[in-house]
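Subject: Structure handover

Hi,

Here is the structure I promised to pass on. Could you have it open while you read the rest of this email?

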Amino acid sequence: MSMSVQSNPYGPNPSDFLSNVNKFELIESTLREGEQFSNAHFDTETKIKIAKALDDFGVDYIELTSPVASEQSRKDCEAICKLGLKAKILTHIRCHMDDARVAVETGVDGVDVVIGTSKFLREHSHGKDMNYIAQSAIEVIEFVKSKGIEIRFSSEDSFRSDIVDLLNIYRTVDKIGVNRVGIADTVGCANPRQVYELVKTLKSVVSCDIECHFHNDTGCAIANAYTALEAGAKLIDVSVLGIGERNGITPLGGLMARMIAADRDYVLSKYKVHKLRDLENLVANAVQVNIPFNNPITGFCAFTHKAGIHAKAILANPSTYEILNPEDFGISRYIHFANRLTGWNAIKSRVDQLNLHLTDDQCKEVTAKVKQMGDIRQLSIDDVDSIIRDFHAEQQTPSLRPAPTTEDDIEPVAKKQKTE
């Protein structure tokens with residue numbers, strides 16, 4: 001008798017036969033793209049701390065600022081290359097031989113080459129045509145390959161570039177043996193459907209791996225990254241908290257949330273997601289920002305349940321209102337009971353936590369008191385605990401008959417004595 005295996009409805013689509021959802025890799029760019037964040041100024045010590053934390057987390061690649069950006073950038077690149085990290089170290093350069101000569105001498109494991117291919121960038125940035133771009137790419141790629149290290153070629157502003165120009169340049173660099181080609185949504189204009197179509201088309205043209213870099217200007221970076229993997233891309237550029245130029249790129253934590261829903265076993269076997277909160281705090285402190293309240297996984301209310309019907313279901317079975325397990329990330333869920341939306345199941349849970357005993361009917365009664373107070377003002381946990389404790393004390397105090405104080409109270413007693 002055959003048994004059907006229930007597949008994960010949030011996992012790879014079986015029709016996406018090129019999908020890399022369950023075998024993706026991360027190129028972590030906090031120390032390259034992240035340096036372009038407006039608040040970022042990483043000294044060498046901070047860069048080393050971040051690099052070590054990223055390596056401990058398990059990222060596949062760590063991308064560093066171009067060594068030609070400044071003298072200190074070159075020294076920092078060399079210092080990180082000497083740390084002996086498990087992750088491969090990359091640096092990001094222009095498609096120019098002068099940059100390439102400096103980059104290969106730093107000790108990096110690979111070089112990421114980029115050049116603008118859209119009409120906007122060809123006219124207003126470097127001013128070169130596609131023939132010049134192709135010739136420059138060939139020269140740089142062959143030079144880097146001769147040094148025995150990895151090489152990636154990426155267009156810039158890919159989604160505003162002519163599709164024929166793109167496919168021609170990618171086909172050219174693939175033939176001379178790049179390790180991967182890159183697609184970059186430099187201005188964050190792409191939507192998931194456009195991403196799927198471009199990646200799928202490119203996959204039919206090149207034999208090398210495909211890397212994708214998505215900016216978040218229109219809020220699609222995580223969705224675009226996931227869709228790219230569905231279409232056959234293998235590597236995604238991320239940064240901690242998504243920091244980068246303007247409002248950044250695909251955030252590491254946000255992508256982890258999406259990917260763990262798709263293939264929990266793969267993610268947990270490869271990445272130490274329980275260290276995500278510490279990693280984000282490290283970077284947040286370095287760039288002097290707070291973790292956003294609605295940040296996936298680590299936002300302060302990411303696993304907080306407030307409404308009564310939610311709390312009741314969560315207490316019975318967390319899967320009712322959680323697609324992610326907070327324990328995977330070293331985080332605890334929280335039932336927010338100190339408010340007027342609370343339900344008696346949440347209050348009953350709090351009663352148990354306080355080691356008190358109330359019947360279900362009594363919990364419903366004290367819940368009504370909490371709601372009544374919650375309609376008047378915002379409540380704290382201490383407020384609710386006081387209401388619960390006071391109510392509990394009232395239930396435990398025996399009721400005594402009051403002493404007689406009037407003639408009407410005394411009269412029945414006197415009549416009884418006369419009868420006797």
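Below is what turned up, sorted by kind of contact.

Before anything else, please keep in mind that this is a predicted model.

**Aromatic rings**

I'll start with the rings. There are 4 aromatic pairs in the structure. One of them is Phe24 with Tyr266, an edge-to-face pair with 5.4 Å between the centres and 65 degrees between the planes. Are they buried or exposed? Phe24 has a relative accessible area of 0%, and since buried means under 20%, Phe24 is buried. Tyr266 comes out at 18%, which also makes Tyr266 buried.

Another pair is Phe57 with Tyr271, and this one is stacked, at 6.0 Å centre to centre with 20 degrees between the planes. Again distant parts of the chain are linked: Phe57 comes from helix H1 (residues 44-57), whereas Tyr271 is in the loop between H10 and helix H11 (276-287), 214 residues away. Phe57 and Tyr271 are both buried. If you want to look at these four rings together, Phe24, Phe57, Tyr266 and Tyr271 are linked by ring pairs into a cluster.

**Salt bridges**

Next, the charged contacts. Side chains of opposite charge can pair when their charged atoms come close. How many salt bridges does the count come to? The answer is 28.

- Glu63 and Arg32: the closest N and O atoms are 3.2 Å apart. Glu63 is in strand S2 (residues 61-64) and Arg32 is in the loop between S1 and H1, so this bridge ties together parts that lie 31 residues apart in sequence. Both Glu63 and Arg32 are buried.
- Arg74 and Glu71: the N to O distance in this salt bridge is 2.2 Å. Both residues are in helix H2 (residues 71-81), and because they are 3 residues apart there, about one helical turn separates them. Arg74 is partly exposed at 23% relative accessibility, and Glu71 is partly exposed too, with a relative accessible area of 44%.
- Glu322 and Arg333: these side chains meet in a salt bridge at 2.7 Å, N to O. Glu322 and Arg333 are 11 residues apart, each in the loop between helix H12 (308-316) and strand S10 (334-335). Glu322 counts as buried at 10% relative accessibility, whereas Arg333 is partly exposed at 31%.

As for the network, salt bridges with shared partners join Lys88, Asp112, Glu150, Arg152, Arg180 and Glu211 into one.

**A charged patch on the surface**

Which residues gather in a patch of negative charge on the surface? They are Asp361, Glu365, Asp390 and Glu394. Helix H14 (360-374) and helix H15 (381-396) are the elements that give two or more residues to this negative patch. Taking one member as an example, Glu365 lies in helix H14. The relative accessible area of Glu365 is 43%, so Glu365 is partly exposed; the cut-offs behind that label are 20% and 50%.

**Two more spots to look at**

With 18% relative accessibility, Cys81 counts as buried. The C-alpha atoms of Cys81 and Gly107 are 5.8 Å apart, while 26 residues separate the two along the chain.

The other spot is Val178, in the loop between helix H6 (163-175) and strand S6 (180-185). Val178 is buried, with a relative accessible area of 6%. Between the C-alpha atoms of Val178 and Asp209 the distance is 8.9 Å, and along the chain these residues are 31 apart.

That's everything from my side. Over to you!

Conventions: Residues numbered from 1 in each chain as written. Predicted model: local features only at pLDDT ≥ 70, side-chain atom pairs only at ≥ 80, totals over all residues. Heavy atoms only, no water. Patch = residues over 30% accessible without salt bridge, like charges linked within 9 Å, V, L, I, M, F, W, Y side chains within 5 Å. Areas by Shrake-Rupley, 256 points an atom, 1.4 Å probe, with all protein chains shown as cover. Salt bridge = Lys/Arg side-chain N within 4 Å of Asp/Glu carboxyl O. Lys, Arg positive; Asp, Glu negative; His and termini not counted. Charge placed at Lys NZ, Arg CZ, Asp CG, Glu CD. Helix = DSSP H or I, 4+ residues; strand = E, 2+ residues; numbered from the N terminus. Buried < 20%, exposed > 50% of the residue type's maximum accessible area, 1.4 Å probe, protein only. Phe/Tyr/Trp six-rings, centres within 6.5 Å; stacked < 30°, edge-to-face > 60°.
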